[in-house]
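Give the cut-offs along the way.

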Amino acid sequence: MKIIEFIRLILKHLMLLIIVPILLALLVFVLTLKPHFEYSSQSLLYTGIASGSTIEMDKTFNYQATNTAFDNLINIIQSRETQEEVGIRLLAQHLMLHKANPKYISSANFEKLKLKIPKELYHYIEKGNHSDDDSIMQNKSEGSLFPPEINKINYEKTVKNLTALKNSSNSNFVYELLNFEDPHYSINAISSVKAIRISNSDIIKLTYTVNDPGICQQTLAIFNEVCIKNYRNVKENRSDAVVKYFEAQLASANEKLKDGEDKLLNFNKSYNIINYYEQSKAVANVKEDMEVKYNNKKADLAGIEAATKRLEKKLNIQEIIQLKSTLVLEKKKQLGDLNYEIALTQAEIESNKDTKSTVKMSELKKQSENLTNEISKSINELYSYQNTVDGLPVSKVLPDWMDKIVESENIKAKLKVMDIDNKNFQKQYAIYAPAGANITRIEREISVSVQGYIEILHGLNLAKLKLQDNAMSSNVKAIDPPFYPLSPMPTKRKILIIAAAFLGFILTLGILIIMEYFDDTLKNSKKAGGILKLTSLGMAPKILLHPDTINLPFIKNRLIEIITQNIKQFLSTHSPEDSVKTIVLFSTQKMEGKTVLAGNIARELKKEGKKILFLNYSIKQQNIKKQRRFPFLIKLLGYPDPRIDLNNSFLSDVTSYLAPSEYFTYAINKQFYKAKSYKDLLEQNNIKIDYIPDYVIIELPPIIYNNYPTELYTHSDIDILICRSNRLWSEADQSALNSILPLSGSKIHFLVNGVELKEVESLLGELPKKRSILRKKIKTMFQFQFFTKNQI
């Protein structure tokens, strides 16, 4: 859309663009007419979150954890539970006031509260007597904002009573007051408290706006108290639950560990174990030593027996010696048995240290000594033999043989004792072998219990540290208590009115631009030419009753002259000079203005001295309905008078300016469709003329609703399609036109009828109109034509 067209659009709808914003502004003014003064206050809460007090136990900064902590605090502030408690506390405070106090509630709001409070609600107000010291201490704990005339203990009890009443049902007064529309106590009103974190600091700003300065300040003060309490409860209760969990788990782990230790103690007692690993090591060492000694003794015994046999072979003496030897052997056997008993007795003495065993030991040693002496005596008797069979002296061989015999018997006795010890040791070793596996299992259970106990103890320590950390971090405090607003906030009425007017202007202008952009009517000859794909002969203006300052007679006459000139110019180049020029006017729809345009063209040609013949069909023409009055709304919006000037000469009847010999009507019958020229129409309707016309104008009925003589289009000199500017070109219109195009070819043209006067400037340039110098300058400026008056 060009800028000049945009300016024209604004000027055309100027009053609409002015009136609509004014009406919207008046509507907003009326809606905000009731005086409503609002007071605003704010308070600051220090949280200590961003500084690291609520960071994890390793104290490393965690940006996400910090944001989460702030979100939790803000969610607690905006929670329904917090808002309900604030509303109940505020209501309890006002109910306990004896009279209105502007510091807490204005007189007007106090009277309104007393009117809507039911009498039975006053029964829930606590009126107990408490010492002044208790009340003073309670009030000091709440700060200086709490009313000093209200006993804090009674106040807390009243809050509990009202809370219990609210929770009792959903039809009591307190429940309805909180959940329905109330400007001071409802959740909807209290939820307007805004909580915003100031930049990246530890401070949260609470802001509240209401129509009473005292209620504004008290609401924020109570809000601070409730938020701090709820946040502390959430933080501490959560950590305290964790501590209790770890304490319970620690007690259970302690019991499990104690059971394992008792089980190990009982096992050690049952097997007489002091230190299993040392004892088992000692047993293993003893077993190894016993095996070594046992094997050594057996080896020694084998060696001695082998040496004895060699000596006995060397001592192959006479039978006497054998008899003596037999006697010695018997005694040797007795001596062996006696040594065996001595060894057993010696083992008993070493293990038990019994006196009886000691006495027995001494007797056995005496018997052994005596028996040894007898053996020696018998051997001495054998010394009488000088030589052995080999010729060796008997005195040298016999002592060795005797020593070997005695030594072998001693070793045999010791081996028997060692066999008994080995059997007893195997029994003890069989006890220690499975005991090791059981002790390992029990110790493993104790180790697992100890590890679990240590881990739970570590978790308990961390939980206690976290509890302490949360206790410190939940110490939210008000560093800037809410102030008492002395003056109301400036009203937003002016801004709303200006915004409504601006919005009305923008919406109206947008709708107008959209309507203009999506306007698909034929509108003017340029736009119609793009739609119809035909050549334009011109435009005919809309004949208004009051065209303001525009020289309408000049415009309509000049446009008809241009149309006539274009017709003659086309006919001069496409038709013989001396022939009768046939002009066919048709339309696709009814009420397109064919007769008016044909008549004015005929009148213009007649003025030029041409002989005219106008043939029209005999169907009765529909007359334009006369509009009685100028619509008030259109007049109010500044639009021109849309009424048609039916008395204008342009719309006058054709018979008023054409002679009877120049205007005839023809009948639409079977003969009509066979007509090839105007002469056929004259002959079919018995019309006789006494002259040869220069121009014959034939008006045909609408081609959508009536058939037409095809050869008449073929033999005509020019075919003119008449269409209104304010209508849409439909597919039916285009189909009807397509049926004519093969008959007319390049002879078909179109005229746009009833064009808005502003559209005529495309043909006539600047319309003749009375304008002020200022208006001319402004128009020149918007058209960027600053030097149009300069001479060349």
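Buried means under 20% relative accessible area, exposed means over 50%, and partly exposed is in between, computed with a 1.4 Å probe on protein chains only. This is a predicted model, in which local features need pLDDT of at least 70, side-chain atom pairs count only at pLDDT 80 or more, and totals for chains, interfaces and linings use all residues. Residues are numbered from 1 along each chain as its sequence is written, and side-chain values use heavy atoms, with hydrogens and water left out.

Of the 792 residues of the protein chain, 40% count as buried. The accessible surface of the chain comes to about 46,000 Å², and carbon and sulfur atoms hold 55% of that surface. These areas come from the Shrake-Rupley method with a 1.4 Å probe, and for residues only the protein chains shown count as cover. The protein chain has 25 helices and eleven strands. Both are DSSP runs numbered from the N terminus: helices are H or I with at least four residues, and strands are E with at least two. Contact means heavy atoms within 4.5 Å. Among contacts between residues at least 6 apart in sequence, 80% join residues at least 24 apart.

Two strands pair if DSSP finds at least two bridges between them. Four bridges join S2 to strand S3 (residues 203-210) in the antiparallel sense, and Ala-195 has Leu-206 of S3 as its bridge partner.

Leaving aside neighbours within four places in sequence, Ile-479 is in contact with Leu-44, Tyr-46 and Ile-203. Ile-479 and Leu-45 are 434 residues apart in sequence, yet their C-alpha atoms are 5.9 Å apart in space.

Another open sheet has seven strands, ordered S5-S11-S10-S6-S9-S7-S8, with parallel pairing. At its edges are strand S5 (535-541) and strand S8 (663-666), each pairing on one side only. The twist here averages 25° from one strand to the next. Strand S7 (residues 612-617) runs parallel to S8 and is joined to S8 by four bridges; in S8, Tyr-663 is the bridge partner of Phe-614.

Helix H17 (residues 525-532) touches S5, strand S10 (718-724) and strand S11 (748-755), and the direction of H17 makes about 140° with that of S11. Helix H18 (residues 552-574) touches S5, strand S6 (581-586), strand S9 (695-699), S10 and S11, and the direction of H18 makes about 160° with that of S5.

Two loop residues stand out by their backbone angles. Lys-533, in the loop between H17 and S5, is not a glycine but has a positive phi, near 60°. Its relative accessible area is 67%, so Lys-533 is exposed. Met-591 is in the loop between S6 and helix H19 (594-607) and has a positive phi of about 55°, again without being a glycine. At 41% relative accessibility, Met-591 is partly exposed.

The structure holds six aromatic pairs. Rings of Phe, Tyr and Trp (its six-membered ring) pair if their centres lie within 6.5 Å; planes under 30 degrees apart count as stacked, over 60 as edge-to-face and the rest as tilted. Phe-146 and Tyr-155 have ring centres 4.8 Å apart and planes at 70°, so they are edge-to-face. Both Phe-146 and Tyr-155 are buried. Phe-672 and Tyr-673 also form an edge-to-face pair, with 5.3 Å between centres and 65° between planes. Phe-672 is buried because its relative accessibility is 0%, whereas Tyr-673, at 35%, is partly exposed. Phe-586, Tyr-708 and Tyr-713 form one aromatic cluster.

Methods:
Axes fitted to C-alpha atoms, helices over the stretch in contact; angles between N-to-C directions.
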